[in-house]
Amino acid sequence: MEQELLQQEIDTYREKVKQCRSKEEVWQIKEDYEDALFLGISVVESNSVLSLEQKLEFTVIKDTKLSMMAEMIEEFTRTPEYEALPDQAEDIKESGNPSEEAAPMTAEEELKLKQIKRAKAVSSYVGSRKGEDSQEPAPFEAKG
């Protein structure tokens, strides 16, 4: 069952990748996915409630997901759809779509973007760890 869930997750990302409008966006999706996995594993590793076996299981799952994502991205980069994509989002702007133009980001905007990415990573990780009953796992339990 775990393999089916992993495959569903990769299929979801495959669809996201197919909707990308630039090669840069494809690699950004991969990077965001990896960030979410690494954030999740750091949360697991720092959880003193989990046993070493549980932590190792999460690590194996993370490694499996990273491998599957890398294979999926590699497959996609060999397709004509990928080759037809512009290298960067700026290339889309140059093609005559002025509504896509953006000014350089301020430090405050960059910080906000990083916070949004982190929130997405946490959300993605929690979503990927939901079980068959679709309930979130409780990695931290209040004791006291």
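## Val-17 and its contacts

Setting aside neighbours within four places in sequence, Val-17 is in contact with Val-26, Ile-29, Met-72, Ile-73 and Phe-76, where contact means heavy atoms within 4.5 Å. The model is a predicted one, in which local features need pLDDT of at least 70 and side-chain atom pairs count only at pLDDT 80 or more, while totals for chains, interfaces and linings use all residues. Residues are numbered from 1 along each chain as its sequence is written, and side-chain values use heavy atoms, with hydrogens and water left out.

## The nonpolar core

Val-17, Val-26, Met-69 and Met-72 have the most contacts inside the largest nonpolar core, which has 18 residues; such a core is a set of buried Ala, Val, Leu, Ile, Met, Phe, Trp, Tyr and Cys residues joined through side-chain atoms within 4.5 Å, buried meaning under 20% relative accessible area with a 1.4 Å probe and protein chains only. At least two residues of this core come from each of H1, H2 and helix H3 (52-77), and H3 gives the most, with seven residues. Helices here are DSSP runs (H or I, at least four residues), numbered from the N terminus.

Helix H2 (residues 23-45) has 23 residues and reaches 33 Å from its first C-alpha to its last, close to the 33 Å expected at 1.5 Å a residue, a span taken as 1.5 Å times one less than the number of residues. The buried residues of H2 include Val-26, Ile-29, Tyr-33 and Leu-37.

Ser-22, in the loop between helix H1 (2-18) and H2, is buried, with a relative accessible area of 1%. The side chain of Ser-22 reaches the backbone nitrogen of Glu-25 at 3.1 Å, and Ser-22 lies 5.0 Å from Leu-85, C-alpha to C-alpha, although the two are 63 residues apart in sequence.

Terms used. Buried < 20%, exposed > 50% of the residue type's maximum accessible area, 1.4 Å probe, protein only. Polar contact = N/O pair within 3.5 Å; in protein donor to acceptor, adjacent residues only side chain to side chain.
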